[in-house]
Structures are given as structure tokens and as C-alpha cells.
Amino acid sequence: MIITGNALMMGDNVNTDVLHPSQFFSLDDSKVRTGFMQAAAGYEKVGSSDLSGRIILAGDNFGCGSSRETGARVFLLAGVRAVVARSLARIFSRNVRNLGLLAAECPTLPSQIHDGFGVKIDMNKLVLEIPAYGQNFPLTRLDPFWEAVFKAGGLMPFLGFKDE
Amino acid sequence: MRAQTLTEKILLKKVNAPILPDSEYFRIPVDLVLGHDATIALLIERFKKIGKHIWDPNRCFFAADHFVPPSTPERADILNRYLSFVKQESVPEDLLYRGISHQLLVEDRRCQPGMVICGADSHTVMAGALGCFAAGMGSTDIMAILLTGEVILSIPKSIRVTMTGKMPSWLFGKDIALEIIRRIGEGGSVDHALEYHDRTETSISIDSRFTISNMSVEAGATNGVFVPDETLKRYIEQRDAAAKVSESVNLDSFESTWLQPDEDAEYARQLDINVEEIAPLVALPGNLSRIVPIDEVEPRPVQQVFIGSCAGGRTEDLAIAARLLRNRRVAAGMRLVITPASQTVYYECLRNGIFQVLAEAGALITNSSCGACGGIDKGLIGAGEACVSTSNRNFRGRMGSPDGLIYLASPAAAAATAIVGRLTDPRPFLDESGIENFHSDPWPKTLGAGGAL
């Protein structure tokens with residue numbers, strides 16, 4: 001599996017409350033969408049912009065905090081293609097993977113990647129390619145369970161349930 | 001067989017082969033599923049499309065605690081959808097409007113040592129204080145459990161935390177939790193279990209243990225489990241003597257297994273904490289990466305103090321606040337918001353006079369709900385305001401404006417701050433109030449039912 005897109009870099013310990021403040025908790029997708037990154041200092045504008053084709057890159061412990069799944073669903077609503085972090089918080093990584101999005105770990109990912117740089121995630125070769133850097137970064141292999149969930153399109157289809 | 005940690009003992013007892021060849025994930029039968037109005041509401045429409053029913057409604061522990069009572073029409077609608085779902089699926093309704101789900105869980109006979117508990121909320125980890133495997137998850141994971149009765153998990157390695165020394169009167173579970181996070185880092189236990197061994201002289205109170213287990217997730221842990229001991233046994237015996245569940249729930253299958261880790265179990269890391277060496281701590285606003293002794297922080301003015309939540313709204317927390325605020329008043333202009341962790345805590349504080357003391361001191365007392373801690377209602381902060389909170393998260397915007405500042409501290413530090421109007425070290429106040437053995441008797445009967453209103 002190969003996914004390409006443009007980088008949007010975030011920092012360490014970015015929690016789900018700043019990624020999606022609780023005031024935007026709703027059953028209405030359009031309201032959920034407006035909350036993306038609205039408490040992440042410096043990211044309010046980009047959070048509101050069209051993020052289709054973006055790959056979110058981040059530092060350690062990305063997505064720590066609340067289990068509210070609106071904080072994962074908003075990545076899909078915004079058109080984000082994948083998430084790659086040096087390390088992922090447990091509940092968040094399960095949430096995005098359960099919804100069918102790729103979330104991968106890249107332990108040597110640099111802290112600063114220029115906004116908009118082209119990025120290629122190659123899960124076959126297990127490398128993150130950033131051509132503008134002229135450098136590849138190794139990705140951690142997904143457990144076969146998560147690989148199967150990703151191929152199925154999320155946890156519900158993996159388990160054989162049709163929820164939409 | 002290889003020596004096992006407590007988390008391994010609880011989980012491996014229930015599993016056979018991994019879910020797929022070479023996978024580290026197993027299907028594990030779940031004893032209890034915790035849910036509430038907000039995160040269960042997120043799955044209802046999808047659940048209905050699948051067209052199946054909950055595998056065992058009796059195993060659902062569903063509260064209404066987020067939008068209670070609702071503060072907007074939209075939230076009333078979310079709550080109503082949830083309540084209809086609970087009824088349609090024949091889930092027991094005895095927990096609705098009774099307080100914060102995590103506190104209800106540990107107060108309830110259905111929650112027993114050795115169980116596997118999954119909850120649609122990150123602070124489900126709190127039940128680890130009762131010797132359970134308890135982990136928080138998102139709505140899709142919970143939906144899968146509601147459909148199948150199983151969770152798909154890897155077995156986490158454990159970090160062993162051993163606590164020794166004698167608890168000073170001014171030290172609380174919150175200080176210990178902050179000390180653990182300070183030492184291992186905000187993501188220091190991601191994909192790990194924290195295994196707590198209480199070897200302190202008089203043992204850490206059950207209320208403080210709840211706070212420590214609750215905040216395990218703030219260090220990234222999958223679960224945070226206390227090794228069952230005499231303190232737990234006494235608590236469970238007392239709790240279960242007073243039946244608290246509705247007659248419609250059959251308790252026969254809610255069995256406890258009092259497991260212990262093997263002595264030679266392998267740990268990813270060991271952490272020794274002498275509680276006598278911890279100063280009252282405060283987490284500076286933004287995240288949990290800056291935790292410092294409160295007497296080293298600039299005593300900045302504070303506009304709101306919040307004593308409440310599943311992390312800091314139990315009887316012990318409200319008792320120390322009342323003892324410090326007795327015969328005193330909050331600082332001019334101070335907004336002191338008190339939110340008990342459950343309605344049972346609320347009644348207890350009504351009966352024993354704690355609420356009268358707090359009300360006389362100028363506190364605003366709310367019903368039990370997630371309220372201010374979750375940025376939902378009844379105590380949100382505006383731009384430029386500072387709040388000292390006994391809750392578990394100081395994240396930007398968590399309690400309202402992204403330009404408000406949240407400091408996390410113990411209930412003693414919070415109460416001292418409410419009196420002074422600035423970030424304040426609680427130790428001199430305990431001395432001045434002559435409080436010596438707080439933890440052996442948090443609210444002596446001699447304090448009566450407070451003064452005359």
C-alpha cells in the first residue's frame with residue numbers, strides 16, 4: 001500500500017482537545033468539521049482550510065487525551081489521507097485506524113518538515129519518502145491485525161458488519 | 001509458565017490464539033462495558049444500520065453524565081437519543097443522572113477485582129484501582145464490543161510503580177499522579193500498563209488511589225492497576241454490604257478474582273516513589289510536560305478554582321477543601337466551583353456538613369456531572385482567566401477559551417488558592433488549621449454538620 005500527499009507538520013504531545021475542542025462535539029458532521037485544530041495554537045486557520053490530500057506528520061505521543069471519536073472522525077471529514085507520527089497515543093491510533101485511516105509510526109521522523117512538502121508513505125517497503133529532503137525514514141511495521149483492518153476499510157468491515 | 005504481571009494474569013487467563021497468525025492481538029471477552037450519553041450517542045446511528053442488538057445488556061454500565069442537565073437544545077437532543085437507545089436495548093437505567101460514570105463504576109457491585117472492563121471514555125482506567133483491567137476506547141471499538149462481547153487487544157507490558165513512606169496530611173493522590181507523570185513523561189507509558197504497589201506505612205486511601213489510576217492515561221498508559229490488598233478488600237466489603245444496584249440486575253455472574261502479580265514477573269521499567277519526598281505539585285497550563293513544586297511557581301492571581309471531576313471530586317477532596325475553608329471565606333471575586341464525582345458523594349457531603357461549610361465559605365456547588373472539566377458547562381473560563389483545577393487535564397481550551405490558563409493541583413492546593421486568590425502552597429494552611437492526621441480521619445465527627453447558615 002502506497003499513499004502520497006502533502007505534509008502538514010505538528011509537534012509533540014498534541015492532544016485531542018486541541019485537535020478537536022469539546023465545544024464542537026456534535027452528531028452533525030458539518031459542525032464537527034468546523035472544530036478541526038481550533039485550539040491548536042497557530043493551526044486554527046489551516047484546520048479550517050481544505051485539507052484534502054494532506055498527510056499529517058507529528059512528533060511523539062500524537063493524539064493523547066480524550067477518547068471522543070469526533071477527534072478522529074474530523075481527520076476523515078477534512079480529507080486527511082494519513083497520519084504519521086514519531087509515536088501515536090493508543091486510543092487515538094485505534095480510533096483513526098478503526099475508521100479506515102492509515103496511522104503509522106516513524107521513530108526517526110524529524111521535528112520540522114516544511115509545510116506542503118510532497119510525502120510518500122510506502123507500507124510495502126516500510127519507508128516514508130520525502131523527496132525534497134532527499135532522504136527516506138523507516139516506518140514501523142503494522143501488526144497483521146491493523147494491516148487487515150486497513151485493507152478492509154476499518155474495524156466494522158473487518159468484523160463483517162455493514163454500518164453505512 | 002512464564003512469570004506474569006497483574007495485567008498479564010487478568011488478560012491471559014481469558015485468551016487462546018492470536019486473532020491472526022503473527023499478530024500480537026487477541027480477542028478478549030469483556031465483563032463490563034462503560035458508556036455515557038456523549039460517546040455512546042456517536043455510535044447509535046451506525047449501530048442501528050447494522051441491525052443487531054447488544055450482546056448482553058446486563059453487561060452494559062451506562063451513565064448519563066456529560067450533558068446533564070443539558071445546557072443547549074442540541075445537547076438535550078443528543079441526550080434524548082441516548083436515553084431512547086438505552087431503553088430500546090434494555091440496558092439497565094439505574095445509573096442515569098447518578099453522577100460521573102467512572103465514579104459510579106467504582107461505587108458499584110458490578111465492578112469487581114480481576115474483571116476486564118472497557119469504556120467509551122479515556123478515564124475508564126480509574127477502575128484499575130479496584131484491581132481490574134480497565135481501559136478507555138473510542139466509539140467504534142465500543143460498538144464492536146457491544147456487538148460481539150469481545151475486545152481485540154494486545155497484552156501490554158507493565159511498568160511497576162512502588163510507593164513507600166508515610167503520607168503527609170497535605171499530600172494527595174493528585175500529587176502522586178503528577179509525580180509519576182513528571183518522572184516518566186506525558187507519553188511515558190504509551191501501550192504499557194502501570195502497575196501500582198502500595199507499600200506506604202498507613203496505605204494510600206482508596207479515594208487517592210482512584211485519582212492515581214484515573215491519571216494513568218495522562219501518562220499514556222493502557223491501564224493503571226493497583227495490586228489488590230487489605231485496603232481494597234475493606235473497601236469492597238463495605239461497598240458490597242450496601243446493595244446499590246437495581247433489582248433488575250442479576251449480580252450472580254459479576255464475580256471477582258483476586259489476582260496477584262508473580263514476584264519474578266518481568267517489568268519494562270520500575271519506578272520507586274517515596275511519598276515523603278514529594279512536595280505539593282502543580283501542572284503548568286497547556287499540557288502535562290511542566291510539573292513543578294507549587295512553592296516554586298510565581299503566585300499569580302487566579303479567578304476560578306474548580307474542585308470536582310472523576311479525578312478530584314470525591315469525599316476526600318471535598319473534605320480537605322471544607323477543612324481549610326471552615327471559618328474562612330474565598331478571596332473577593334473568586335469563583336469556587338464544586339462538582340462532586342457522584343450523587344452519592346453529593347449526599348454524603350450534604351449529610352456530614354461538608355457542603356454547608358463550603359457554601360458558607362462562598363462556594364458554588366453543582367450537581368455531579370462532567371461539567372467544567374470537560375469544557376461542557378458550569379464553570380468554563382474566559383480569555384485571560386486562570387483556573388486551578390483538581391481535574392485531570394490542563395490542555396489548551398479544555399475548560400473553555402484557548403486563551404484561558406488551567407493549572408492542575410491537589411484539592412488542598414486548590415482550596416488554599418481559593419482562600420488567597422493566588423496560586424498557594426497548602427502546607428501553611430494545614431498547619432494553621434491544626435490538621436495533623438487528615439488521611440486517618442478526613443472529616444472527624446466533632447466537626448458536626450457545619451455552622452448555622
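**Exercise 1.** How are helix 8 of chain B and helix 9 of chain B oriented to each other?

*Solution.* The model is predicted: local features need pLDDT of at least 70, side-chain atom pairs count only at pLDDT 80 or more, and totals for chains, interfaces and linings use all residues. Residues are numbered from 1 along each chain as its sequence is written, chains are lettered from A and ligands numbered from 1 in the order in which they are written, and side-chain values use heavy atoms, with hydrogens and water left out.

Step 1. Locate the elements: helix 8 of chain B covers residues 206–214 and helix 9 of chain B covers residues 230–241. Helices (H or I, at least four residues) and strands (E, at least two) are DSSP runs, numbered from the N terminus.

Step 2. Take the geometry: the axes are 11 Å apart and the packing angle is about 105 degrees. Axes are lines fitted to C-alpha atoms, for helices over the stretch in contact, and angles run from 0 to 180 degrees between N-to-C directions.

Step 3. Classify the angle: under 35 degrees counts as roughly parallel, over 145 as roughly antiparallel, 65 to 115 as roughly perpendicular and the rest as oblique. Helix 8 of chain B and helix 9 of chain B are therefore roughly perpendicular to each other.

Step 4. Identify the contact (heavy atoms within 4.5 Å). Ile206(B), Arg209(B) and Phe210(B) of helix 8 of chain B meet Thr231(B), Leu232(B) and Tyr235(B) of helix 9 of chain B. This contact of helix 8 of chain B with helix 9 of chain B has 4 nonpolar, 1 polar and 1 charged residues. Here Ala, Val, Leu, Ile, Met, Phe, Trp, Tyr, Cys and Pro count as nonpolar, Asp, Glu, Lys and Arg as charged, and the others, Gly among them, as polar.

**Exercise 2.** Describe the crossing of helix 4 of chain A and helix 5 of chain A.

*Solution.* Step 1. The axes of helix 4 (residues 70–77) and helix 5 (residues 90–98) of chain A come within 9 Å and cross at roughly 45 degrees. The two helices of chain A, helix 4 and helix 5, are therefore oblique to each other.

Step 1. The crossing of helix 4 of chain A with helix 5 of chain A is right-handed. A crossing is left-handed if the near helix is turned anticlockwise from the far one by less than a right angle, and right-handed if clockwise.

Step 2. Helix 4 of chain A contributes Gly71(A), Ala72(A) and Phe75(A) to the contact, and helix 5 of chain A contributes Phe92(A), Asn95(A) and Val96(A). By class, the residues of this contact between helix 4 and helix 5 of chain A are 4 nonpolar, 2 polar and no charged.

**Exercise 3.** Is Ile56(A) buried or exposed, and which residues does Ile56(A) touch?

*Solution.* Step 1. Ile56(A) belongs to strand 2 (residues 54–58) of chain A.

Step 1. Buried means under 20% relative accessible area, exposed over 50%, and partly exposed in between (1.4 Å probe, protein chains only). With a relative accessible area of 0%, Ile56(A) is buried.

Step 2. Not counting residues up to four places away in sequence, the contacts of Ile56(A) include Leu8(A), Met37(A), Phe75(A) and Val84(A).

**Exercise 4.** Where does Asn61(A) lie, and is Asn61(A) buried or exposed?

*Solution.* Step 1. Asn61(A) lies in the loop between strand 2 and helix 4 of chain A.

Step 1. Phi of Asn61(A) is near 60 degrees, a positive value. At 3% relative accessibility, Asn61(A) counts as buried.
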